[in-house]
Amino acid sequence: MAAGGRRDAPEAPDFGLLKRLARDQLIYLLEQLPGKKDLFIEADLMSPLDRIANVSILKQHEVDKLYKVETRPAPSSSDQFCFLVRPRIRTMRYIADIVNADKMSGRSRKYKIIFSPQKFYACEMVLEEEGVFGDVTCDEWSFYLLPLDEDIISMELPEFFRDYFLEGDHRWINSIARALQLLNSLYGPFGRVYGIGRCAKMSYELWQDLEGESEGDGQGRKPEIGNVFLMDRDTDYVTALCSQVVYEGLVDDTFRIKCGSVDFGPDVTSSDKSIKVLLNAQDKVFSQIRNEHFSSVFGFLSQKSRNLQAQYDRRRGMDIKQMKNFVSQELKGLKQEHRLLSLHIGACESIMKKKTKQDFQEMIKAEHSLLEGFDIRESTSFIEEHIDRQVSPIESLRLMCLLSITENGLIPKDYRSLKTQYLQSYGPEHLLTFHNLKRMGLLTEQVAGETLTAVESRVSKLVTDRAAGETQAGSVLCPKHCTPVQIPRLDGEYDLKLPRDMAYVFSGAYVPLSCKIIEQVLERRGWQGLEEVVRLLNGHEFSVSDSTAEDSADAQRVVLAVFLGGCTFSEIAALRFLGKERGCRFIFLTTAITNSARVMEAMTEARA
């Protein structure tokens with residue numbers, strides 16, 4: 001298991017307040033439409049809504065029937081329709097069709113649209129073009145932040161990554177700024193703010209503008225968060241493209257964790273039914289294995305099973321009074337723990353079966369070779385074989401992108417060959433996918449004569465000598481973004497059960513660059529000494545101190561890490577490890593939880 005921390009980390013702020021605020025505001029908006037009403041909910045708002053206000057709460061406020069947007073409702077006798085939606089053009093057309101259909105049939109109803117998290121002008125324009133703008137009332141549910149766990153907050157905006165980094169659409173930056181403003185007002189002013197990336201800088205500047213317009217609601221509150229770090233996803237694509245090997249990351253890759261919960265099918269439950277499980281710190285089994293390397297999870301679960309059996313066996317020598325106390329006080333908890341243990345053992349077995357079929361060890365070996373810059377030709381052959389066997393279109397794309405980033409683009413011959421083989425295996429409709437990946441800089445051709453400059457070569461030494469710090473990590477360059485990639489120097493075998501640094505989240509082969517940057521900037525209290533490293537990243541770095549915020553000792557050890565474009569469970573596990581080592585608490589705010597498959601899917605134009 002992971003090494004113990006040097007000192008106890010401070011408690012995380014109570015983020016339950018965010019849920020209560022969101023629920024109260026939603027209830028207020030629903031009550032503005034008095035009487036019985038049918039509620040239409042957009043699909044990707046259903047899970048977040050369930051975490052905020054379940055069906056019984058909605059029924060208490062006169063919601064009669066629930067419908068999913070984009071499925072035609074059954075004939076309804078309700079005189080009021082309420083739509084809880086994202087601000088999307090296609091959704092506006094769906095609503096307009098319902099309103100116009102009622103008009104044609106002579107049916108009179110009231111219509112209310114509640115946009116979450118905010119309303120966009122383009123949506124109103126569509127309603128006006130469809131001739132229904134005067135028939136509907138519009139409002140906003142300012143639902144910016146959903147606590148998924150005691151230290152994870154999600155904005156549940158998976159489209160942010162594609163919208164901003166591919167399309168250059170800035171529409172969600174206002175939502176990020178308002179989310180930061182909300183946290184600042186609820187949990188006191190932040191002492192120091194650091195950031196890197198264009199989106200991070202724009203979000204910070206807009207947040208400051210909003211603070212200037214407001215009356216400073218957070219002023220005078222005792223600060224609970226001392227440091228904030230904003231980071232764009234394109235600062236570190238490598239981490240998001242690598243296979244995850246911590247337990248929570250593998251569960252996400254295999255079963256898709258959605259809004260903090262996962263659906264385990266019959267192959268996990270050992271029955272004919274599926275079960276939805278909430279994965280958070282309240283799950284006593286999951287909380288102990290979530291951040292662990294997968295190789296040590298089975299051993300822990302086996303030991304846990306033996307300990308649980310020993311607790312059951314204690315009842316054999318009990319008298320009647322002891323048995324009564326055991327049944328009333330311990331048995332229920334033991335049964336719950338046994339149920340969770342069975343589920344996680346089943347999940348591990350299912351992961352092992354699926355990863356064995358996918359030649360997971362060979363894939364990890366190829367990834368590590370790419371990161372270290374060795375056996376490139378052999379890794380390229382592995383990718384070609386992966387494509388020709390049609391193992392997985394998403395995995396094939398991911399490996400090609402990792403090869404491209406670590407090699408400063410593919411040589412033209414390899415690029416044409418891999419592209420041709422991919423299109424022949426998976427279909428010509430992926431031509432647009434390749435176009436998207438090229439625009440993003442994820443899959444490119446090398447320019448003739450392109451080499452690393454002397455300065456870029458020196459950065460390898462700079463990162464080794466000055467940025468590696470206690471981990472004694474070396475580095476290579478990902479020249480496309482000129483990204484220093486942290487490769488730990490191993491003295492002997494790397495012990496994954498008792499890891500020495502954050503590299504354990506990638507089997508000791510790679511330290512997540514995003515986490516290394518955060519570690520170094522916090523340690524230096526700024527970007528001093530990292531200028532050349534920053535030059536090779538996307539830049540736009542900043543560091544700001546609030547002289548009016550007097551942090552307590554505990555607040556100074558609480559860090560809000562904001563990932564714009566998605567955060568992986570590998571990064572979360574790495575920073576939790578760092579927090580334990582340094583006696584600080586990391587809190588994660590992300591536009592959405594992501595992984596390599598979601599990054600690739602966002603670029604994929606081919607639709608099923």
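## Tyrosine 164 and its surroundings

Leaving aside residues up to four places away in sequence, tyrosine 164 is in contact with Asp169, His170, Ile173, Arg198, Cys199 and Met202. This description rests on a predicted model. Tyrosine 164 belongs to helix 6, which covers residues 160-166. Its relative accessibility is 8%, so tyrosine 164 counts as buried.

One of the residues it touches is Cys199, and here a polar atom of the tyrosine 164 side chain lies 3.3 Å from the backbone nitrogen of cysteine 199. Tyrosine 164 can also be placed relative to leucine 564: the two residues are 400 residues apart along the chain, while their C-alpha atoms are separated by 9.6 Å.

## Confidence of the model

The average pLDDT of the protein is 86, and 85% of the residues reach a score of at least 70. Residues 1-5 have a pLDDT below 50; this stretch makes 16 contacts in the model beyond near neighbours in sequence. The pLDDT is also below 50 over residues 451-483, a stretch with 92 contacts in the model beyond near neighbours in sequence. Where pLDDT is low, the predicted coordinates should not be read in detail.

Seven strands make up an open sheet with mixed pairing, in the order 6-7-16-15-9-8-14. At its edges are strand 6 (146-149) and strand 14 (542-545), each of which pairs on one side only. Direction ignored, neighbouring strands of this sheet are turned against each other by 20 degrees on average.

Within this sheet, strand 8 (residues 192-196) pairs with strand 9 (residues 227-232) in the parallel sense, over five bridges. Across this pairing, tyrosine 194 stands opposite phenylalanine 229 of strand 9. Helix 8 (residues 198-213) packs on the sheet and touches strand 8, strand 9, strand 14 and strand 15 (558-564). The direction of helix 8 makes about 135 degrees with that of strand 9.

Strand 1 (residues 37-41) is joined to strand 2 by parallel pairing over four bridges, and leucine 39 stands opposite leucine 66 in strand 2.

## The nonpolar core

The largest nonpolar core comprises 186 residues. Those with the most contacts inside it are Phe83, Trp141, Leu183, Tyr247, Leu442 and Leu560. Helix 17 gives the most to this core, contributing eight residues.

Leucine 183 can be followed in detail. Not counting residues up to four places away in sequence, leucine 183 touches Phe15, Leu18, Leu145, Ile153, Gly188, Phe190, Leu560 and Leu589. Among these partners, Leu560 is itself listed with the residues that have the most contacts inside the core.

## Backbone features in the loops

Most residues other than glycine have a negative phi, and most peptide bonds are trans. Glutamate 62, which is not a glycine, has a positive phi of about 65 degrees. This residue lies in the loop between helix 3 (55-60) and strand 2 (63-68). With a relative accessibility of 40%, glutamate 62 counts as partly exposed.

Asparagine 408 likewise has a positive phi, near 60 degrees, in a residue other than glycine. The loop between helix 17 (393-406) and helix 18 (412-426) holds asparagine 408. Is asparagine 408 buried or exposed? Its relative accessible area is 12%, and because buried means under 20%, asparagine 408 is buried.

The peptide bond from serine 116 to proline 117 is cis, with omega near 0 degrees. Proline 117 is located in the loop between strand 4 (110-115) and helix 5 (121-129).

Terms used
Residues are numbered from 1 along each chain as its sequence is written. This is a predicted model: local features need pLDDT of at least 70, side-chain atom pairs count only at pLDDT 80 or more; totals for chains, interfaces and linings use all residues. Side-chain values use heavy atoms; hydrogens and water are left out. Helices (H or I, at least four residues) and strands (E, at least two) are DSSP runs, numbered from the N terminus. Buried means under 20% relative accessible area, exposed over 50%, partly exposed in between (1.4 Å probe, protein chains only). Two strands pair if DSSP finds at least two bridges between them. Axes are lines fitted to C-alpha atoms, for helices over the stretch in contact, and angles run from 0 to 180 degrees between N-to-C directions. Contact means heavy atoms within 4.5 Å. A nonpolar core is a set of buried Ala, Val, Leu, Ile, Met, Phe, Trp, Tyr and Cys residues joined through side-chain atoms within 4.5 Å. A polar contact is a pair of N or O atoms within 3.5 Å; within protein, one must be able to donate a hydrogen and the other to accept it, and residues adjacent in sequence count only if both atoms are side-chain atoms. pLDDT is the predictor's confidence in each residue, from 0 to 100.
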